[in-house]
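Please look over the chain below before reading my comments. They are brief.

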Amino acid sequence: MEKPAKVDRRILRTRDAITKAFLALVSEKDLDHITINDIADRANVNRGTLYLHYADKYDLLDQCIKDHLDKMLAACAAEDVNPIDDLKPMFSYFEANFSFFYTMLSNQKTSVFRDRLLESIADDTKAKIGAHATRQHMDLELVSRFLASAFVGTAEWWILNRMPLPAELAARQVGELFEKYVI
C-alpha cells in the first residue's frame, strides 16, 4: 500500500494564514465586500500565492466549510456507537472551533454553511439510524431530516448565544431529548 505524499509545511502554513485571514475578515464585514487583496494583505501573502491555492473567495469559503465539516464528522465517527453518543464529540468540536462556527452562523451571506451543515448531519444521521428507523416503520429520510434540523437549530442557538452551557452538558441534554422523544 502506497503512503500518501506529505504536504510541504510551508504550504500548510500558507493555507492556514489565508484561512485565518479570511475568517477574520468574514467576522468583520460582509462577504461581498471582501476582496482577494484584503485576504492576501491580511494573510501577508501576495495575490498570486492565494490564487495558487484557491480559485476565488468562494472557493476558499467552500474549502473552509468542507474542511470543518469533514473534521467534525471524523471526530464523531466511532463505529457501532449510538447516534446520541456522537453528540459530545460534536459539541466539543463546536466549542474548540467556536470562532469559525460563530462566524459562519452569524453572517447572513454564509447561509450556505448552515445548509451544508444540515446536509452533513442529515446524511450522517441517515447512515447511523437506518436500521432503527426501518424497525420503527418510519421513513428514513423524514427521520434523518427531523433529527438533523432539530440538532442544527439547537447547535446554532448554542453557538450564537456564546455557549451558555458547557459542551458536555449541552450534548447530554440534547441526547436525552432525542432518546426520550425521538429514538
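The points below go from method to the whole chain, then to an annotated span and a single residue.

1. Basis. This is a predicted model, where local features need pLDDT of at least 70, side-chain atom pairs count only at pLDDT 80 or more, and totals for chains, interfaces and linings use all residues. Residues are numbered from 1 along each chain as its sequence is written, and side-chain values use heavy atoms, with hydrogens and water left out.

2. Fold content. The chain has nine helices and zero strands. Helices here are DSSP runs (H or I, at least four residues), strands likewise (E, at least two), numbered from the N terminus.

3. Burial and surface. The chain has 183 residues, and 37% of them count as buried. Buried means under 20% relative accessible area, with a 1.4 Å probe and protein chains only. Accessible surface totals about 10,900 Å², with 52% belonging to carbon and sulfur atoms; the areas come from the Shrake-Rupley method with a 1.4 Å probe.

4. Contacts. Take the contacts between residues at least 6 apart in sequence: 64% join residues at least 24 apart. Contact means heavy atoms within 4.5 Å.

5. Annotated span. An unreviewed UniProt entry labels residues 35-54 "DNA-binding region". Such annotations may be inferred rather than shown by experiment; positions follow the numbering used here, and feature names are shortened. In the model the span is 75% helix and 0% strand, and its end C-alpha atoms lie 13 Å apart.

6. Ser 120. Where does Ser 120 lie? Its place is in helix α7, residues 111-135. Ser 120 counts as buried because its relative accessibility is 17%. Beyond neighbours within four places in sequence, Ser 120 contacts Leu 69 and Leu 73.

Note on methods. Buried < 20%, exposed > 50% of the residue type's maximum accessible area, 1.4 Å probe, protein only.
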